[in-house]
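The sequence and structure come first.

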Amino acid sequence: MTVLIDTVSAVLLLTGAVFCLLTGVGVLRFPDAICRLHAAAKAQTLGVLLIALGTAMQVPAKYSWALLLVAGFQLITVPVTGQVVGRTAYRTGGAHRPGLVVDQLADRLAADEEYVRGGGTLPGHRGQDPER
């Protein structure tokens, strides 16, 4: 039984390490922020989860809860961070807009700009000029 657990754990650890390595390659090689974000969010999350699972199989059960916490934080924070970084990249020109298959933010940004030109203020700007 120990040999089986060690083998499965080693496979999980190596697979997780490969995903983390592929994340690094993707972050270095992909052309714009959105593509890099895709690599960083999906492959890195899967890599960390596989490594946490492989490690949890090797440590005593009373220490596995910490790895469960790491996995939980990873699953919660990566989508939120990805959303914020992606929108920031889009708004600041870090995204290659012609390469987008579906551009859901273009209409919303145009509507926001039209609203501001009409004298309205956007929530969160507190009357500040969003152009600044």
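Contact here means heavy atoms within 4.5 Å. The model is predicted, so local features need pLDDT of at least 70 and side-chain atom pairs count only at pLDDT 80 or more, while totals for chains, interfaces and linings use all residues. Residues are numbered from 1 along each chain as its sequence is written, and side-chain values use heavy atoms, with hydrogens and water left out.

Helices are DSSP runs (H or I, at least four residues), numbered from the N terminus. Ala 40 is found in helix α2, and Thr 23 lies in helix α1, residues 2-29. Relative accessible area under 20% is called buried, over 50% exposed, and in between partly exposed (1.4 Å probe, protein chains only). The table gives both residues.

| Residue | Relative accessibility | Class |
|---|---|---|
| Ala 40 | 29% | partly exposed |
| Thr 23 | 7% | buried |

Leaving aside neighbours within four places in sequence, Ala 40 is in contact with Thr 23, Val 27 and Thr 45. With residues up to four places away not counted, Thr 23 touches Ala 39, Ala 40, Ala 43 and Gln 44. Between Ala 40 and Leu 13 there are 18 Å in space, C-alpha to C-alpha, and the two are 27 residues apart in sequence.

How do α2 and α3 cross? Their axes come within 10 Å and cross at roughly 180 degrees. This makes α2 roughly antiparallel to α3, a term for angles over 145 degrees. Axes are lines fitted to C-alpha atoms, for helices over the stretch in contact, and angles run from 0 to 180 degrees between N-to-C directions. Among the residues making the contact are Ile 34, Leu 37 and Thr 45 of α2 and Leu 67, Val 78 and Gly 86 of α3. The contact residues divide into 15 nonpolar, seven polar and no charged. Here Ala, Val, Leu, Ile, Met, Phe, Trp, Tyr, Cys and Pro count as nonpolar, Asp, Glu, Lys and Arg as charged, and the others, Gly among them, as polar.

The largest pocket has a volume of about 430 Å³. A pocket is an open set of points on a 1 Å grid over the protein atoms alone, where a 1.4 Å probe fits, with protein on both sides within 12 Å along at least five of seven lines; lining residues have an atom within 4 Å of a point. The volume is the space filled by probe spheres set on the points. Of the 15 lining residues, Ile 34, Gln 83, Gly 86, Arg 87 and Leu 105 lie nearest the centre of the largest pocket. Two or more lining residues come from each of α2 (33-56), α3 (64-92) and α4 (104-117), and α3 gives the largest share, six residues. The lining divides into eight nonpolar, four polar and three charged residues.

Terms used: Angles under 35 degrees count as roughly parallel, over 145 as roughly antiparallel, 65 to 115 as roughly perpendicular and the rest as oblique.
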